[in-house]
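Here are a few notes to read with the model open beside you. Take them one at a time and find each piece as you go.

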Amino acid sequence: MSYLRPVYITGTGAFLPGEHIGNADMEAFLGAVGGRPSPLGRRALRWNGIAGRHYALEPDGRWLHSNASMCADAVRLALGSAGLGREDLDCLTAATTQGDLLAPGHASAVHGELGGGGLEVASFQSVCASALMAAKYAWMAVGAGDADCAATTAGEFSSRWFRPEFYEGGALVDAKGRLSMAADFLRFTLSDGAGAVVMEGRPKPDGLSLKVEWIDLVSLAGQFDPCMWAGATAGNRTEREGAWSRHGPVAAHASGALALQQDFHLLKTVIRAWIGVYLQKVDAGRIDPKAVDHLLCHYSARSLREEIVQILQTTDAMIPEPRWFTTLAESGNVGSASIWIMLDALMRANRVKPGERILCIVPESGRAMVGFMMLQVVGATR
Amino acid sequence: MNHMQGLIPEAVPDAAVSDVLRKLAVVWTGFEARLEATPLIRKLTRGRFELADYHAFLIQLRQQVQDGALWMSRAASNIDVAHLELRSTLMRHAVAEHRDFRLLEADFVASGGALETIQAGRKNIGSEALSAWMFHQASIPNPFGLLGAMFIIEGLGSIKAAEWGRRVRERLSLPPQAVSFLLYHGENDSEHMQTFAEMLAPVATCPATAARIVRCAEVTARLYALQIEEIVA
């Protein structure tokens, strides 16, 4: 993409709603399905290694924010860290797994919260990797000279889908009142928040900027069925008439088609597919593990990480563990927002130096996708 | 949750071996994704798998398993004295597996099929191509490329067999003795894979051999997938 002008991340922002919530208190915020604690919760938390998270709702169900308002806050923070304001922005791209409204797009909702005059906007909806889809639009818009200052944001308000009323009275709850594992695990894995970065056609005069060297996204949906999804039952998820809307919202709820679910058996194969894509990039020279100074890998579970480490070592593709940076344990898994929340934390930790390379990896189990972004740290220009 | 454990041996220090293993892992994951999209495996993962599909699967597996020990024996006979260890390993491997096709026959019968039916089964187009390819490779002096083929086939045993066996059992409500080959391989093939690194180490340092191993894995993976694609009950 050398025919595009260089593009730099000049500001980062992360917005985590409410208080930091520990493992002991989290179920009070989500509510107990069938009025009793989840039998799976402790095991899920041991498996995913998450010790804390934030929710945009209160134990009584009241909302503190919307997905769009959290994204708007993250964009304001990112603009602030770039030394810019809303008036400087001429392009806004936004990503999420599920927006506040079914339509229109998430970017419109974020623009609505941000306020101000006309903007170019683009909405991206997928799971975690949607963050890099939106980032790629912003990167190309600035690179092409169509925009001088673009913000890209990603946000999740997952907890609202995890309240008991999303399951009770539906087929995902069995006769004994137990929620299916495919749905319950995600309740103990995903949480709320938003992140954003600002991209410009030149580095900022003071402080560090991050040159976006490239962004690659690889979907393997042509070969894999949905692995994490909402909007169909497990049995109907690949049927053309399987989507929730076929028989209307009441029937969809009764069949358990509205909740987020994860296919754990398929996930094992999808994990290997992600590793395969990474190893292919190492083999082709697109990624040189030895030239990566900081790795931000959005892994959704501790065990996933152990598996990745094992294979990477034996194939000489490992980036040494001291170079890994994550906020998963303390901030939770915030889906698409996680990569920006981690990047913001990395920049605030004063751990990066000019010339260093940061590799962001965003695997998405949704339908077997993985995204990569390579950044190079650039020093002050004056 | 170490799903790759069976596929990649632990602690491999040699850079040339790591290089081959990385390329083989890429071939493997591409193969696995291709299998996911075959009609037979789609039926299995989407809950549409019938007993007739299982029987058609067993018939093709039997062809390939029966040939497996034979091409391994032929390959062993083509390995020179400079690589005696490799020859021994292949011969042990062939001995360990050369009766396994009987397990498939027993599974076929235990799941309601007639012994004559599986014994009279013929190779589909993919099985024909795979078999011809394997015997051709095994007939070459020092056929080290076959290590790549073994990586793919052993990977199926250590990674896919148990998962497929579990799904077949669940879907068709079969007793374990009707799915013994898939379940047995899932339990035992991780040991086979441990010997893989030992076999790879003495030959992978030659760039031409390393390239041959990877190429052989690619062709074997494609032909194996063709065999699965061609199974239509």
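This is a predicted model: local features need pLDDT of at least 70, side-chain atom pairs count only at pLDDT 80 or more; totals for chains, interfaces and linings use all residues.

1. Let's start with a term: two strands count as paired if DSSP finds at least two bridges between them. With that in hand, look at strand β1 (residues 8-15) of chain A and strand β7 (residues 193-200) of chain A, which pair in the antiparallel sense over seven bridges.

2. Nine strands make up an open sheet with mixed pairing, and their order is β5-β4-β6-β7-β1-β8-β13-β12-β11 (chain A). Which strands stand at the edges? They are β5 (120-125) and β11 (294-297) of chain A, and each has a single partner strand, so one side of each has no neighbour in the sheet. On average, neighbouring strands here are turned by 20° against each other, direction ignored.

3. A helix goes with these strands too. Helix α5 (residues 130-143) of chain A lies across several of them, including β4 (91-96), β6 (149-156) and β8 (209-219) of chain A, and runs at about 165° to β4(A).

4. Over to chain B, which has 10 helices and zero strands. Of its 233 residues, 48% are buried. Take the contacts in chain B between residues at least 6 apart in sequence: 80% of them join residues at least 24 apart.

5. Helix α3 (residues 51-77) of chain B packs against helix α5 (residues 100-110) of chain B at an angle of about 165°, and their axes are 8 Å apart. Angles over 145 degrees count as roughly antiparallel, which is why α3(B) and α5(B) get that description. The crossing of α3(B) past α5(B) is left-handed.

6. What meets what in that pair? On the α3(B) side, the residues include B:Leu58, B:Leu61 and B:Val65, while those in α5(B) include B:Phe101, B:Leu104 and B:Phe108. Overall, the contact of α3(B) with α5(B) has six nonpolar, two polar and four charged residues.

7. Last, see where the chains touch: 27 residues of chain B are in contact with 28 residues of chain A. Which helix gives the largest share of chain B's side? That's helix α1 (residues 15-36) of chain B, with 14 residues. By class, the side of chain B touching chain A has 11 nonpolar, seven polar and nine charged residues.

Key
Residues are numbered from 1 along each chain as its sequence is written. Chains are lettered from A and ligands numbered from 1 in the order in which they are written. Axes are lines fitted to C-alpha atoms, for helices over the stretch in contact, and angles run from 0 to 180 degrees between N-to-C directions. Helices (H or I, at least four residues) and strands (E, at least two) are DSSP runs, numbered from the N terminus. Angles under 35 degrees count as roughly parallel, over 145 as roughly antiparallel, 65 to 115 as roughly perpendicular and the rest as oblique. A crossing is left-handed if the near helix is turned anticlockwise from the far one by less than a right angle, and right-handed if clockwise. Two residues are in contact if their C-beta atoms, placed from the backbone, lie within 7 Å. Ala, Val, Leu, Ile, Met, Phe, Trp, Tyr, Cys and Pro count as nonpolar, Asp, Glu, Lys and Arg as charged, and the others, Gly among them, as polar. A residue is buried if 20 or more other C-beta atoms lie within 10 Å of its own, exposed if 12 or fewer, and partly exposed in between; C-beta atoms are placed from the backbone.
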